Structures are given as structure tokens and as C-alpha cells.
Amino acid sequence: MEYPKFNRVPASDFHGIPSFVEDEPYVSAFGLQWLKHAKTQLDSHTGLNITRDRLLRMFGPLSADLNGKVILEAGCGAGRFTEILLENSSLITAVDLSVAVLANRENNGQKSNLRIARASITELPFEKEQFDIVFCPGVVQHTPNPSISIAELYKHVKPGGWLVFDQYRYNLSSMLKVTWIARLILKRLTPEHGLAVTDWLVKLWLPAHRRVAGHRLVEILLFRISPITSHYAGYSKMSESDQIAWARLNTHDNLTDFHKHYTTIKSLKRNVSKLGAINQYFCVMPYTIEVRCQKPDGNEKESNLAAPVTIKLRGSKIVSG
Ligand SMILES: C[S@@+](CC[C@H](N)C(=O)[O-])C[C@H]1O[C@@H](n2cnc3c(N)ncnc32)[C@H](O)[C@@H]1O
């Protein structure tokens, strides 16, 4: 088992990490966020299984057989998923367009089965069809054109391999929220000022979220008017200091992302089908749609070509199959 070779020379050496990009056109706020919150979302830091559960759900049956796999993690951020992937004896290549690669190296760089590079999904520095699994959680909605990003990621999947990703979905509550106005203003600030403003918003609003925690109806009403993200309802077992750190991180993430493209299940199915993917699986979550699909290798049996499977999850409850 070998890492797929880079197919071009890095444009520069970024603090010891090969960089295939000259600048970071729209991800500087993300970069700052991940340097500031390098450990916040690691399961090894929270002591919870938040990232592990999400990865296992997205990988489904693939998670049982990750040893010996060559995996590309695209848009790795500070490496909370990298940390879980590294538990297997697979070879992980983690890339991100932003300076977040430094945070991932700080968190996971000591592992011998990890290679980190700075690169964009739309100009990946590898020959096509080199990876058994291409994994891209929480990223394509933040790229200029998610359909192009999905198609680029798919090109790097080996025949018989898998593409696993997700994208924000249209959701009435996110469309109604005041966050749209906050985003318009924050997008015009420098990353440092943006971070200062979102930290201040959390300081102002989090006490209200804490007070109504557990009162579902009041919480829903508060979410209508509050610009911040809080996790008292979702992750009630998290310590108070982590609640504050997660609120800061995710409020910043939610209010300063330059691109935010929502999708529908119909549009994702069309995208993935256009690529010729088989064994399509879609899981509709409250705010995202998770997708798993396979690149045909020409040996598939007819049953593999079955209609896409769609699951709708609300919390842990399956509402329709
Ligand atoms: C919301 S963060 C998610 C990070 C990580 N996947 C996680 O779930 O913790 C989105 C990440 O995608 C990266 N990103 C955005 N556009 C990218 C692109 N074209 N190529 C590579 N990474 C990109 C950003 O720099 C950022 O680190």
C-alpha cells in the first residue's frame, strides 16, 4: 500500500507542509477559526463520540473494512475526522485549502499513516482514480460550486471505490434566521474582526440559550431570533467549557463562511447519477444530506444498480425508508 504520488511540484513549502495553492481565496476565516479552535471538536478532547458517530453513520458498512485502504480526506479542517480515520491501518491523505492544515498537523501529525497537504478540491495534485475512499464532510457547501466540487472529488475515486460527503440542505428554519443579516455584515470584516464579533455575540446570547436548555418550545423560539449556534439541546452531555468553545467555533463557522450553498435531495441525486455512481445512499439529516456512492468497476451485478436508498433521520429516529 502506497500513498498516491503528487502529480506536480508543490507551489511552496508551507511550514514544512507541501502547498499546491498560491493563496486562500475565500477560506481565510476558516483558517483562523481552526488555528484558534484546533482541539475544540476532537473526540479525544471532548471525551464524547460526536465525530466518531458521524463518521460511522456516513461510512455505513464501509467502516467495517478500512484497514489497507487508501483514503483522501478533502477539507480536513483541524482534523477531527482524521483522528478517527487514523485508528485504522489505512493510508490517509488529508488536504485543506486553508492554513487549517497546521492545526491538523499539530493534532495528528505524529501518526505515520498520515500525509497532509495544502490543496484545493478543484485542483487536487493527484492523477485520477487513485483513492479507495474519498471523504469530504462539511465542505462542498463552502466551495464556489458544489456540483463541480463533487464531480472533482469523484474523479479521484478508484473504480470500485467510494465517495462519501455531505451538503447543507434547504431547511425552513435556517432560511428564516437572522443569521443571514449577520453574515452579510461579517463577510465584509477581516477574519480577526469577524472572530472578535462572533465571540462577542456568543458572550451576549449564550446565557439565554443556557437558561432555556431543555425547554424545547422556548429553545425553538430563541433560535429564531438568536444569531448564535448553541449545543445545549444537541450535546447535553458536553461540559460547560466545551459548550462555550463549541458555541464560539460554530457561531463563527456559521456566520463567516464566504460560500454557503444549500441543496435538495433531488438535486444531489441528479448530481451523483450524472457522474454514473452506483449503490447510492442518501441520509437526510435535520440540516444536511449525507451521501455515499460507489464508482462502478465494470463487474457489478444487477442488484448493485438498484434504485438509490434514502433514509430520513430526525435525531436517531428513522422516519421513512
Ligand atoms: C466547515 S470546515 C469543515 C472541516 C472538517 N471537514 C470538519 O468537519 O471538521 C470546511 C473546511 O473546508 C475547507 N475548504 C473550503 N473550500 C475548500 C477547497 N476548495 N478545497 C479544500 N478545502 C476547502 C475550509 O478551509 C475548511 O477547513
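This is a predicted model: local features need pLDDT of at least 70, side-chain atom pairs count only at pLDDT 80 or more; totals for chains, interfaces and linings use all residues.

V134 belongs, with L153 and L163, to the residues that touch the most other members of the largest nonpolar core, a set of 60 residues.

Helix α6, which covers residues 146-155, has L153 among its buried residues, together with P146, S149, I150, E152 and Y154. The cover over these buried positions includes strand β3, strand β6 (131-136), strand β7 (157-168) and helix α12 (265-274).

Strand β4, residues 91-96, is mostly covered, with six of its six residues buried. Which residues of β4 point one way, and which the other? L91, T93 and V95 point to one side, while I92, A94 and D96 point to the other, and the residues of both groups are buried.

Strand β4 pairs with β3 (residues 70-74) in the parallel sense, over five bridges, and in that pairing V70 has L91 of β4 as its bridge partner. Strand β4 also runs parallel to β5, to which it is joined by five bridges, with I92 standing opposite L114 of β5. Strand β5 itself, residues 114-118, is mostly covered, since four of its five residues are buried.

Strands β8 (residues 278-284) and β9 (residues 288-294) pair in the antiparallel sense over five bridges. The two strands are joined by a hairpin through three residues, and V284 has I289 of β9 as its bridge partner. Strand β8 is also the place of N279, a residue other than glycine whose phi is positive, near 50°.

Most residues other than glycine have a negative phi. E129, which is not a glycine, also has a positive phi, of about 60°, and is found in the loop between β5 and β6. With 15 C-beta neighbours inside 10 Å, E129 counts as partly exposed.

## Two exposed positions

Is D23 buried or exposed? D23 lies in the loop between β2 (17-19) and α1, and it counts as exposed because it has 10 C-beta neighbours inside 10 Å, whereas the limit for an exposed residue is 12 or fewer. Although D23 and V99 are 76 residues apart in sequence, their C-alpha atoms are 9.9 Å apart in space.

R211, in helix α9 (residues 191-212), is likewise exposed, with 12 other C-beta atoms within 10 Å. From R211 to L97 the separation is 114 residues in sequence and 38 Å in space, taken from C-alpha to C-alpha.

## Domains and their contact

The chain is divided into domain 1, made up of 12-168 and 262-320, and domain 2, which is 172-256. The C-alpha centres of domain 1 and domain 2 lie 25 Å apart, and the contact takes twelve residues from domain 1 and 15 residues from domain 2.

On the side of domain 1 that touches domain 2, helix α1 (residues 28-36) gives the largest share, five residues. By class, this side of domain 1 has five nonpolar, six polar and one charged residues.

## The chain as a whole

The secondary structure comes to twelve helices and eleven strands. The C-alpha trace spans about 55 × 50 × 35 Å along its principal axes, and 41% of the 321 residues count as buried. Among contacts with a separation of 6 or more, those between residues 24 or more positions apart account for 66%.

How does the radius of gyration stand against that of a compact globule, and what are the two values? For 321 residues a compact globule would have a radius of gyration near 20 Å, and the chain has 19 Å, which agrees.

Definitions and conventions:
Residues are numbered from 1 along each chain as its sequence is written. The radius of gyration is taken over C-alpha atoms; the globule rule is 2.2 Å times the number of residues to the power 0.38. A residue is buried if 20 or more other C-beta atoms lie within 10 Å of its own, exposed if 12 or fewer, and partly exposed in between; C-beta atoms are placed from the backbone. Two residues are in contact if their C-beta atoms, placed from the backbone, lie within 7 Å. Domain bounds come from an automatic or database domain assignment. Ala, Val, Leu, Ile, Met, Phe, Trp, Tyr, Cys and Pro count as nonpolar, Asp, Glu, Lys and Arg as charged, and the others, Gly among them, as polar. A nonpolar core is a set of buried Ala, Val, Leu, Ile, Met, Phe, Trp, Tyr and Cys residues joined through C-beta atoms within 7 Å. Two strands pair if DSSP finds at least two bridges between them.
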